[in-house]
Amino acid sequence: MEADDGTRGAPTMLQYSGTSLEPLVQAALRVMGDGTRVFAPEAGREVRAFAPCEPGKVPAAGYWATLTNTDISPKGYLLPQTEDVMRWRGGTGNLAIEEPEAGPPAVLLGIRPCDAAAFELLDEVLIGGPFVDQTYRRRRERTVLITMACTKPGPACACDAFGLSPGHRSGDVVVYPSGGRLLVLANSPKGEEILGALQAEGGPGGAVPADPGWAGEVVAAACSTPTPLGERILVQGLLDNPQGIAGALFASKAWDRLAPRCLSCGACTYVCPTCYCFAVNDEPRGQSGRRVRTWDSCQFKDFLTMAGGHNPRPGKLERVRQRFLHKLNYHPQRYGKFLCVGCGRCVLACPVGLHIGEVAEALAAEIAPLPAPVPPAAGAAAGAAGAAGEGSDA
Amino acid sequence: MSVAEAPEERAAAEPESEAWQPKIVAFCCNWCSYAGADLAGTSRLHYPATVRVVRVPCSGRVNPRFVIRAFQRGADGVLVAGCHPGDCHYSTGNYYARRRFLLARRLLEYMGIDPERFWVKWISGSEGPKFAEVIREMSAAISALGPNRKAREEE
Amino acid sequence: MKAVAQDLTADLARLEELARSRARELLEAGTVRLVLGHRQAWTGPTAVPHFVTTPEAAGLLVTGPGCAAGIAKYVLDEQDKEGKVAVLARGCDTLGIRRMIVDKRVDPEKVLVIGLPCAGSIDPAKVANAVGADAAAIARVTPRDGRVEVLLHGQKEPVGGPPLDGILRDVCLACDQKVPSGCAEVLGADLAVLAEVSARPPVLDAGDAEAEVTRIESLSPGERYAYWADVFSRCLRCFACRNACPACNCRVCTLESYDPKWLGHPTDMPNQFMFHFIRAMDVAGRCVGCGECERVCPAGLPLMSLNRKLSRDIRLLFGVERPHVPGDVEPLGRFEPEDPEEFM
Amino acid sequence: MMAAVKAASEAGGGCRCGERSPLVPHVARIDRIVDETTSGSVRNFHVTIQDAAVHGGFSYIPGQCGMISVVGVGESMIALASTPTRPGPLEFAVKAAGRNTNALHELRAGDMVGVRGPYGNGFPLQDMKGKDLVFVGGGIGMSGLRSLINYCLDSRDDFGRVQIIYGARTRGELCFKEDLFEVWPKAPNAGVHVTVDVGEEGWDGPVGFVPPFVEQVNPSPQGSVAIVCGPPIMIKLTLPYLQKLGFSDEQIVMTLELKMQCGIGKCGRCNIGHKYVCLDGPVFTLAELKQLPDEY
């Protein structure tokens, strides 16, 4: 590894023996200060989420090797399902408005590369653009993402179909377990600070600069971990010319076939790490009250119903199309990327099996006249599925 | 007085200290219990000032969710008071209410909300003393239970 | 048992054929615009709802233990379009459709209910437990030799699984509607083994099915509150439970009412209690026990526990033996002067 | 990192840890309420943000909107009817249509509302410079147009002829009557053409819907821009007439409305394809709109 020029050179890479994450968490706590809370994927439930994790009882890296990703994404730690926008007093006669204070800092330990990458997508939407969602930004700055390279993709996982990988470098600090050692890599200024604190600890068994050759191998191995659906979900062709294909995707007849079974629930959007739609509503109590922002879902019937009753997306077809095209076409048009990290949660959560892979397959067919982006191996698999699933069902 | 705002307005003014008094929301049928409450008042019968009466056209009008809403907004006890079976102004409203609240109270209990906080009583227009008695009894019972902290909004 | 199970596999295959040909027939004759059934999911062991509008698409219909998703509720929307809707309905679907007809939300003239005898549908979580894999890792489940064979994703050969009864959904184990009733027609009535299997009494009697209710009732009030607070804290408010439920068929849902606003937008505990109290109470006496609410819940909430509690109390208090079977008037829509008065 | 947080928190005052959230409105006082229509269906709220620095810094261009809110009820995105060239209160002409706008109509002068903004792209002033402007308005749609009309009249040399075509259901429902009948007709190089859907005694002007009325007025497309603002159905029906008169897709500018919650391109609600009406709109040319899915 070349000498760091101090500002934007290669990131700090440390290694230490053993697989305890405790020293890393302690370093993060020292940097983030008092009152910092730690959250990590829980075990032992049928439907798993992130849950509080007590410093001193931090699981070792091996813990994650046994688990697939959480069923509920950690999105809510940065974009909570319910949060106060403001509180007011005095009603319309004597109005006073107060903005709530930011919550305590947090560490998300053992977040997967896909979920950390999802936060980067949210950053572009919520922090980017002419307006900054300050509430999100504040929480983002006060949160450390300690990413664990994914060694156990779930059965619906397809991050590699969306340009990521189980070893994708995202978050503030990325941990790659390898044998009895951990490679720890800084991936942001905050991460550098934490690794600085980790290294400063020193002592026997402490973290030392990693051997670059070894580190490169470890990262490469993590990045090439296959995912079950990565080869079957064919979306990359949709990125080539999103503007050009927008009309064809919108007009696709496939929506007629895909949409009717949708229940118009919000399960897919609420487990999704990249869905960010929200609603703002007032909760008055007498002359005081609070304005809350809560998650909302484009799949809900009245998401877009206006005061006069007009609803531009009145049916399941329009709403299902909106969700998938937002992820696969509208967002790419605006940001050059998919609004999907292939975590597979929507696939597992959808009660009626409306699969983004199924949708992608149908959309790929729409743009087939353009250079078809079908790798030979994946093409065979998709062809087989297509024969069973699509051919006769126009 | 609206269902939604009555208890909460006062809750803000009364910190839960040693001077704590239970707050009871009573949904009273216009044709019987409401008149019973009136009679208790005009007869100068003493009963605790813990009760806030919400007039309803019939005990059958009371949806079980009114009960939860009252608890949410700070009630320590909820009473639904209607006509004696057979005496409903609309002939059968209270029979439906009876079935509904038999179930609802058991569901509340199942969800861990103290069923003792939820009462249903039949009080006719001429039973002023019974109204006062029910409120006295209920106040004592709720006082013994202490403040309701379950399913209640934070102030 | 072995012979029976082998024949069940054959009967199920035959039933699938019957379903396909009947659907094809109806569409070709123009009797119906749409046939509702199931087809294989894009991935995974379960089938997904299938909307068949062409005779060709009928070839994709599947039946059998992979068909978990209820399809009754779709009739509510689909009946508004031109033409009639045929439903390849299991017993649970049949009850759901009858629920909506009794509630005067579905026009019986618009729906043709074609009954399918049903041996139950699988619970992927139970399969996963039985074979020691993640639920989502299961690619296919096939009944064979009294047991099921389980194929995992990425594997070529299936592994031997548990007996069929061991991996069926709880609602199916308690089902007393395996042979649908009140249909225009029932397919496969001559399939002897299927007929025998579906005529068996439920594996779980009322007491067994309500074991969890009994357990929760035996907790202290504080424990019960903590239990439900934990359950409700995991609720995402996606409303899948409501949207899938054939009894939740109101034109305008109270949960979306603004004035009065019964359900606040915040997902705090008072509102979560309100939500689940309203949901359970509003289907009390009208729940058909299909278990869709629980099946569709992405957070895995035990919602049937609330429904079973209510239906048990309706049985005990009002003597309604089978509250889940829609009668002309639901238990809360009528009364007896002699109804109990336990705390009044 | 913590250093950065601390610095931000000091800048923001107290422990707020940074700048005010753009979703938090400013307290504004209703100075005056003008009933624009005889039925009371449209009221023009003149409001002043109480923090003078914020009010002074509320810099907008015609066509932009503000979020106005009755606390406890909600927020509505409303086009500013006032004009940046005329400092003073912000004006929101509001039709009572939903919960918040109905609640707004219940308020009186002196009451407080929440205001945030300005939002949206506003009219393409640069593209309009030197051109003849044909304003086509219907009902409350006049509100945003009025901002631009007054702006043009205040910068008279920058723009060509100003032609105003406006209609409402009845004479009483016409908004900004003083401007329409007293002020604008007397402005240099300006013409006003008003129609009502239903004639009545005392109205001797044209009777009929706006779209065919546009053809009667017969504005020339030569060096012109048409700006169409009104109910969606009026916009839709007006377009063919403008096209018939020779206006190209680039020469037709219109404003859209869609349900909004945040107004700042975050809440994911008001998109038409990849465009957000709150951020990229509400003003679009017909040419731009034709690139987007027909879903609004």
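Q: Where does D:Phe176 sit?
A: D:Phe176 is in the loop between β8 (162–168) and α6 (177–183) of chain D; helices (H or I, at least four residues) and strands (E, at least two) are DSSP runs, numbered from the N terminus. This is a predicted model, where local features need pLDDT of at least 70, side-chain atom pairs count only at pLDDT 80 or more, and totals for chains, interfaces and linings use all residues. Residues are numbered from 1 along each chain as its sequence is written, and chains are lettered from A and ligands numbered from 1 in the order in which they are written.

Q: What's its phi, for D:Phe176?
A: Near 55°, so a positive value in D:Phe176, a residue other than glycine. Most residues other than glycine have a negative phi.

Q: Is D:Phe176 buried or exposed?
A: D:Phe176 counts as buried, because it has 23 C-beta neighbours inside 10 Å. The cut-offs: buried if 20 or more other C-beta atoms lie within 10 Å of its own, exposed if 12 or fewer, partly exposed in between, with C-beta atoms placed from the backbone.

Q: And B:Arg44, buried or exposed?
A: B:Arg44 counts as exposed, because it has 8 C-beta neighbours inside 10 Å. B:Arg44 has a positive phi of about 55° without being a glycine, and lies in the loop between α2 (33–42) and β2 (51–56) of chain B.

Q: Switching topic: which residues does the cis bond in chain D join?
A: D:Gly117 and D:Pro118, with omega about -5°. D:Pro118 is in strand β6 (residues 112–119) of chain D.
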